[in-house]
Amino acid sequence: MANSRFQYVRGFESEARLLPNTWIVVRIDGRGFHKFSAKHGFKKPNDARAINLMNAAAVACMNEFPDIVMAYGESDEYSFVFDKRTQLFSRRGDKIMSSIVSFFSSTYVMQWPQHMVDAEGQPEPLVATPHFDGRCVLYPTLENLRDYVAWRQVDCHINNLYNTTFWTLVLKGGLTEYEAEQRLVGTFSKDKNELLFSEFGINYNEEPLMFRKGSVLHWRRIPVTVTKEGPTSKADPTPVVRTVTRQKLTVIVDHCDLLQEEFWTEHADVFTSSSVYANGPREAKGAAKGRGRKAKHSSETTTIVEPKEAAPAASEASQRKRTAEQACGE
Ligand SMILES: Nc1nc2c(ncn2[C@@H]2O[C@H](COP(=O)(O)OP(=O)(O)O)[C@@H](O)[C@H]2O)c(=O)[nH]1
Ligand SMILES: [Mg+2]
């Protein structure tokens, strides 16, 4: 930046850096999505196309910013959890948050035509500007972080059970929206489950996991086999074809229960890694960069795993054995 007599205005800028050694969560939320979804005819209560589009934009964010260790999405919101040790933008909160919001929004628009297609496979026109707000929140302990994502997943459950019952009453039961709302006043989870089952034969627990649990994005090493052609050896130039299998870090879209132990046990290496600040900032810097994910998984492969029901809690008589449904306080 060229020096001039106006240079001094730079001093008015603040560069707040986020506290070291804390989990950075960037939560983004669609602005005015109630209106946006109505304008684009999203299916009620859930539009799988729109959710897959949100997931695709979030996968792209993880590939672009590999220090994101996991992400959780429901409805029009997504939470991105950064590695505790990340040195991205020297931990400048404004830059981290605005980059995620901007990258997510642009990807949402770019990928709209692939996901928002009608029954004939034709893209629905995009007639409004989707945009998202964002915030950075810091969590000092793994317990706080787990409670944060549990909070979002329980929110997903409460909203989805209500919306599923509400729209079933309207679309299948012929009630007006006002009548459906009145019908649900004062009801608990068990009442809504019972209503769905006894009046409409719907077992809520058989509704798609993506709707009930939201989407959990995380990294997994996937074996990838490639064929290579080259000389047999230095001495023998005869070409030979070899197959090589590599472990490739890939973003997985899952719908597991984050209130259970299973996810946290599977990813213990990521979530329980010790503080790199213990041995001073020099080592911290090296270690944070040492993850080296970027180079290894620069291509944007996505694997969708088959949804599986949450397994019973593995160990520990902890509160976390409760599922999102049980924890909703109803
Ligand atoms: N029909 C439909 N609406 C959705 C879907 N996902 C999100 N929405 C809408 O987006 C809103 C998101 O909630 P909120 O952020 O509180 O509302 P906002 O302030 O209007 O963005 C929901 O209330 C729905 O109206 C979907 O899959 N189908
Ligand atoms: Mg919103």
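Asp76 is in contact with Asp29, Gly30 and Phe33, leaving aside neighbours within four places in sequence. The model is predicted. Asp76 sits in the loop between strand E2 (68-74) and strand E3 (77-82). UniProt lists Asp76, together with Asp29, as "binding site" in an unreviewed entry. The two are spread over 48 residues of sequence but cluster in space, with a largest C-alpha distance of 5.7 Å.

**The annotated site**

- Asp76 counts as buried, because 20 other C-beta atoms lie within 10 Å, and the cut-off for buried is 20 or more.
- Asp29 belongs to strand E1.
- Asp29 is partly exposed, with 15 other C-beta atoms within 10 Å.
- Asp29 touches Asp76, Glu77, Phe132 and Asp133, not counting residues up to four places away in sequence.
- A UniProt "binding site" annotation, also from an unreviewed entry, covers Asp29, Gly30, Arg31, Gly32, Phe33, His34, Ser75 and Asp76.
- These residues span 48 residues in sequence, yet no two of their C-alpha atoms are more than 12.3 Å apart, so they gather at one spot.
- Ser75 lies in the loop between E2 and E3.
- Ser75 is buried, with 22 other C-beta atoms within 10 Å.

**Around ligand 1**

- The shell around ligand 1 holds 15 residues, and Phe33, His34, Ser37, Phe42 and Asp47 come nearest.
- H1 gives the most to the shell, with 3 residues.
- By class, the shell around ligand 1 has 4 nonpolar, 6 polar and 5 charged residues.

**Strand E2 and its partners**

- E2 is mostly covered, with 7 of its 7 residues buried.
- E2 and E3 run antiparallel and are joined by 6 bridges.
- In this pairing, Met70 stands opposite Val81 in E3.
- E2 and E3 form a hairpin with 2 residues between them.
- In the turn of that hairpin, Ser75 has a positive phi of about 50 degrees.
- E2 also pairs with strand E5 (residues 215-231), through 4 bridges in an antiparallel arrangement.
- Here Ala71 stands opposite Leu217 in E5.

**The nonpolar core**

- The largest nonpolar core has 47 residues, of which Cys61, Ala71, Phe80 and Val81 touch the most other members.
- H2 gives the most to this core, with 11 residues.
- Ala71 is in contact with Ala58, Met62, Tyr78, Ser79, Phe80, Val81 and Leu217, leaving aside its neighbours within four places in sequence.
- In soluble globular proteins, nonpolar side chains tend to be buried together.

**The chain as a whole**

- The chain contains 11 helices and 7 strands.
- Of its 330 residues, 27% count as buried.
- Among contacts in the chain with a separation of 6 or more, 75% come from residues 24 or more positions apart.

**Helix H4**

- Trp151 is placed in helix H4 (residues 142-171).
- Trp151 counts as partly exposed, with 14 C-beta neighbours inside 10 Å.
- Trp151 and Leu259 are 108 residues apart in sequence, and their C-alpha atoms are 9.3 Å apart in space.

Technical notes
Residues numbered from 1 in each chain as written. Chains lettered and ligands numbered in written order. Predicted model: local features only at pLDDT ≥ 70, side-chain atom pairs only at ≥ 80, totals over all residues. Near = placed C-beta within 6 Å. Nonpolar A, V, L, I, M, F, W, Y, C, P; charged D, E, K, R; others polar. UniProt positions renumbered as here; feature names shortened; annotations may be inferred. Buried ≥ 20, exposed ≤ 12 C-beta atoms within 10 Å, placed from the backbone. Contact = placed C-beta atoms within 7 Å. Core = buried A, V, L, I, M, F, W, Y, C linked by C-beta atoms within 7 Å. Pairing = 2+ DSSP bridges.
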